[in-house]
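I opened this structure to look up a few residues and the two ligands. My entries follow in the order in which I made them.

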Amino acid sequence: MAGRSEDVAPACRLYLITPPAFELIAFTQTLKAALGAGDVACIQLRLKDADDDTVLRAGEALLPLAQDAGAAFLVNDRPDLALKLGADGAHVGQEDMPYKDARKLLGPDRIIGVTCHDSRHMAMEAGEAGADYVAFGAFFPTATKEAKTQASLDLVAWWAEVMTVPQVAIGGITVDNCRPLVAAGPDFLAVCAGVWNHPDGPAAAVKAFERIFTNS
Ligand SMILES: Cc1ncc(COP(=O)(O)OP(=O)(O)O)c(N)n1
Ligand SMILES: Cc1nc(C(=O)O)sc1CCOP(=O)(O)O
Ligand SMILES: [Mg+2]
């Protein structure tokens, strides 16, 4: 999730969340096409209803695709599986393994992101503890998760102005609704349905996000 090699990197980059469930061989092809269509900073493997073996098999297949495309590969909820897979890191929520335990497990170099809902306080705590990014959401209605909080553009703008820890915006984001959010200044937009369910397909969505981020 570090900077890009181009001279001027866009201020905001795309962070993909995998679909909640998928058929692995078909999704491998879908992901390849999406990654080939434009800049993707990060992919989070998020399989809430899968057993460990399924998560590990998916991780083993998808991680090399992500890394070949220069995208970080993170595992949702399970720093232990991230370690087993040799992934770039993990994302933890407020009800998951606490950040400090995740850091102990993953060491100083792997990426750990923390869900902070709509809370400045949670985000400041996570940032001070050493989180690599904080995530705010949800920004729009979403069917992917029962999101309990609604985050505001003001929160994003404030964090961008005052803090240096990168911030991820998540929840119901699409190519059609993201412009005001991007203007508020998040470092990453995390998107699931807005990419995988785009009417013209995931590759078209990735391309469209890239155009928005680069104003091209
Ligand atoms: C980038 C990013 N932000 C927030 C979340 C949500 O995490 P959490 O609150 O733990 O909920 P689940 O995703 O585990 O249902 C996320 N996964 N990624
Ligand atoms: C995983 C997740 N976390 C959220 C939060 O608000 O913390 S919203 C969300 C769902 C993201 O998927 P989509 O892009 O399809 O809305
Ligand atoms: Mg979680």
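**Entry 1: ligand 1.** I started with K145, where a polar side-chain atom lies 2.9 Å from an oxygen atom of ligand 1. I count this as a polar contact, which is a pair of N or O atoms within 3.5 Å; within protein, one must be able to donate a hydrogen and the other to accept it, and residues adjacent in sequence count only if both atoms are side-chain atoms. The protein covers 93% of the 420 Å² of accessible area that ligand 1 has on its own. Such areas come from the Shrake-Rupley method with a 1.4 Å probe, and for residues only the protein chains shown count as cover.

I noted two further side chains here. R46 has a polar side-chain atom 2.8 Å from an oxygen atom of ligand 1, and D96 has one at 2.9 Å from an oxygen atom of this ligand. There are 14 residues around ligand 1, and R46, K48, D77, T115 and K145 come nearest. To be listed as near, a residue needs a heavy atom within 4 Å of the molecule.

**Note on the model.** This is a predicted model, in which local features need pLDDT of at least 70 and side-chain atom pairs count only at pLDDT 80 or more, while totals for chains, interfaces and linings use all residues. Residues are numbered from 1 along each chain as its sequence is written, chains are lettered from A and ligands numbered from 1 in the order in which they are written, and side-chain values use heavy atoms, with hydrogens and water left out.

**Entry 2: R46.** I looked up where R46 sits, and found it in the loop between β2 (42-45) and α2. The helices (H or I, at least four residues) and strands (E, at least two) are DSSP runs, numbered from the N terminus. Is R46 buried or exposed? R46 counts as buried because its relative accessibility is 12%. The cut-offs are under 20% relative accessible area for buried and over 50% for exposed, with partly exposed in between (1.4 Å probe, protein chains only).

R46 touches I17, T18, P19, P20, N76, T144 and K145, leaving aside residues up to four places away in sequence. Touching, or contact, means heavy atoms within 4.5 Å.

**Entry 3: ligand 2.** Which residues surround ligand 2? I listed R46, G137, A138, T142, T144, K145, I170, G171, G172, V191, C192 and A193. For this ligand I noted backbone atoms. A backbone N or O atom of G172 lies 2.6 Å from an oxygen atom of ligand 2. For C192 the corresponding distance is 2.9 Å, and a polar backbone atom of A193 is also 2.9 Å from an oxygen atom of ligand 2. Taken alone, ligand 2 exposes 420 Å², and the protein buries 94% of that.

**Entry 4: backbone angles.** Most residues other than glycine have a negative phi, and most peptide bonds are trans. I looked for exceptions. The peptide bond from G137 to A138 is cis, with omega near -5 degrees. A138 lies in the loop between β6 (133-137) and α6 (153-162).

D77 is not a glycine, yet its phi is positive, at about 70 degrees. D77 is in the loop between β3 (72-76) and α3 (79-85). H117 also has a positive phi, near 50 degrees, and lies in the loop between β5 (111-115) and α5 (120-129). With a relative accessible area of 24%, H117 is partly exposed.

**Entry 5: Q167.** Q167 lies in strand β7 (residues 167-170). Its relative accessible area is 1%, so Q167 is buried. The side chain of Q167 reaches the backbone oxygen of V156 at 2.9 Å. Among the residues that Q167 touches are V134, F136, V156, W159 and F188.

**Entry 6: two helix residues.** T28 is in helix α1 (residues 24-37) and counts as buried at 14% relative accessibility. A polar atom of the T28 side chain lies 2.7 Å from the backbone oxygen of L24. Beyond four places in sequence, T28 touches L62 and L65.

D68 is in helix α2 (residues 52-68). D68 counts as exposed, because its relative accessibility is 70%. D68 and L35 are 33 residues apart in sequence and 9.5 Å apart in space, C-alpha to C-alpha.
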